[in-house]
Amino acid sequence: MFESPERLALGLLTGIVFGFLLQKGRVAKFEVIVGQFLFKDWTVVKTMGTAVVVGAIGVHVLVAADMASLHIRPALFGGILAGAVCFGIGMAVLGYCPGTSVAACGEGRRDAMVGVIGMFAGAVVFITAFPLLQPIINGLGNGGTITLPQLTGTSPWLWVAGLVSAIAIKANTRNREKLVGEFNDGN
Amino acid sequence: MANPLFQKSWSPYGVGAGIGMLSWFAFASADHPLGVTTAFENSAAQSARAVMPTIDHSNEYFAKKAAEGKPLKIGWEWMLVVGLFVGAFVSSKLSGDRESSIVSSLWRWRFGPGAFPRLVVAFLSGGLMMFGARLAQGCTSGHGISGTLQLAVSSCIFIIIAFTVGTITTFLLYGQEGARHV
């Protein structure tokens, strides 16, 4: 029924830090998520982009040092495609994604609380309909648990380096804009 | 300088870097990527089995999970979701960044001030979102962050389609005018 107490405590600790960060990052807010989809507020993209780049460096180091293993979801194209369409519509209308819905509940947002109850209902529908969904999930073939480096026959470090330079270029142009802005303000 | 714990918002780059490093911690300590929706699927499966014991045999889901060596347990993933709530609660309490209104200004501008329609739509859209997440086996965390940082093909396809559809849906709902009401 339960995993070991250590794993439960680790999960709780990780979750608390995660929730704290999401709330301080203002991404557990309807206005911010919908604002991203309207290209008004870029908080979601900035946060996710940085998380992916920083995360990719450390996780690939851990895997290279044999201290962790990759956990890749299979590329079941039918399930990914149908799932992403349902997910995108649901997230845009709700104004929260699953993780930020739970964090928004912690912030006291009652629409998110009802959203989370709906999420549970959606999971029940998924389980109940599971046998009927197999043709959709498996309908377009299975690419397997494959990564972009494997697909292209390249080193993962090439991709990590690419991600790091993308963010370095972004940070550099941002600083320059800021400097130019300050210079102009000074005049 | 003010104590950052009491501030209402941190830089998105700082928060992003924090989530990235939290991923290192999750991989190193629990050999697990950050993800939220598996816990919902797990709870739903356990509830379905409690309410309707025959589903264990009639629905291939349960045999499949048992064959994958993934018994339905309350574990790391489940506690992660509990922690998410607690962490956001503590953060918002420390800074006073609490939100009690049900209808945000953008929604009110487009659909009116009624709380009931907003809550009905929240329930249905939350359900559709979770259904989609389980079809694709991941969400913004599991695919969008954890999957893309591992350079997974499945996750990159998922997040590109999901965010494109999300953008189209949002423009259909609110139009370009919407940006002035966020």
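1. Leaving aside its neighbours within four places in sequence, B:Ile157 is in contact with A:Ala75 and A:Ile80, where two residues count as being in contact if their C-beta atoms, placed from the backbone, lie within 7 Å. B:Ile157 belongs to helix H9 of chain B; helices (H or I, at least four residues) and strands (E, at least two) are DSSP runs, numbered from the N terminus. With 19 C-beta neighbours inside 10 Å, B:Ile157 is classed as partly exposed, given that a residue is buried if 20 or more other C-beta atoms lie within 10 Å of its own, exposed if 12 or fewer, and partly exposed in between, with C-beta atoms placed from the backbone. From B:Ile157 to B:Thr140 the C-alpha to C-alpha distance is 12 Å, across 17 residues of sequence.

2. A word on provenance and numbering. This is a predicted model, in which local features need pLDDT of at least 70 and side-chain atom pairs count only at pLDDT 80 or more, while totals for chains, interfaces and linings use all residues. Residues are numbered from 1 along each chain as its sequence is written, and chains are lettered from A and ligands numbered from 1 in the order in which they are written.

3. Chain B contains 9 helices and 0 strands, and its elements, read from the N terminus, run α-α-α-α-α-α-α-α-α. The C-alpha trace of chain B spans about 50 × 40 × 35 Å along its principal axes, and 48% of its 182 residues are buried. Of the contacts in chain B with a separation of 6 or more, 58% are between residues 24 or more positions apart.

4. Between the chains, 114 residues of chain B are in contact with 111 residues of chain A. On the chain B side, the elements giving two or more residues are helix H1 (12–30), helix H2 (37–51), helix H4 (60–67), helix H5 (76–95), helix H7 (115–136), helix H8 (140–149) and helix H9 (153–174). That side divides into 66 nonpolar, 38 polar and 10 charged residues, where Ala, Val, Leu, Ile, Met, Phe, Trp, Tyr, Cys and Pro count as nonpolar, Asp, Glu, Lys and Arg as charged, and the others, Gly among them, as polar.

5. The largest nonpolar core has 105 residues, and A:Phe87 and A:Ile127 are those with the most contacts inside it; such a core is a set of buried Ala, Val, Leu, Ile, Met, Phe, Trp, Tyr and Cys residues joined through C-beta atoms within 7 Å. Neighbours within four places in sequence aside, the contacts of A:Phe87 are B:Met129, B:Gly132, B:Ala133, B:Ala136, B:Cys139 and B:Ala162.

6. Helix H1 (residues 5–24) of chain A packs with H5(B) at an angle of about 40 degrees, the axes being 6 Å apart; axes are lines fitted to C-alpha atoms, for helices over the stretch in contact, and angles run from 0 to 180 degrees between N-to-C directions. H1(A) and H5(B) are therefore oblique to each other, since angles under 35 degrees count as roughly parallel, over 145 as roughly antiparallel, 65 to 115 as roughly perpendicular and the rest as oblique. The residues of this contact divide into 20 nonpolar, 9 polar and 3 charged.

7. Within chain A, the axes of helix H4 (residues 77–94) and helix H6 (residues 110–138) come within 12 Å and cross at roughly 160 degrees, and H4(A) and H6(A) are therefore roughly antiparallel. From H4(A), A:Gly78, A:Gly79, A:Ala82 and A:Leu94 meet A:Gly115, A:Ile136, A:Ile137 and A:Asn138 of H6(A), a contact with 4 nonpolar, 4 polar and no charged residues.

8. In H8(B), 10 of the 10 residues are buried, so this helix is largely enclosed by the rest of the structure. Its cover includes helix H3 (43–64) and helix H5 (98–106) of chain A together with H1, H2, H7 and H9 of chain B.

9. Two backbone angles deserve a check. B:Leu151, in the loop between H8 and H9 of chain B, has a positive phi of about 65 degrees although it is not a glycine, and with 25 C-beta neighbours inside 10 Å it counts as buried. A:Arg26, in the loop between H1 and helix H2 (30–37) of chain A, has a phi near 65 degrees, also a positive value in a residue other than glycine, and is buried with 21 other C-beta atoms within 10 Å. Most residues other than glycine have a negative phi.
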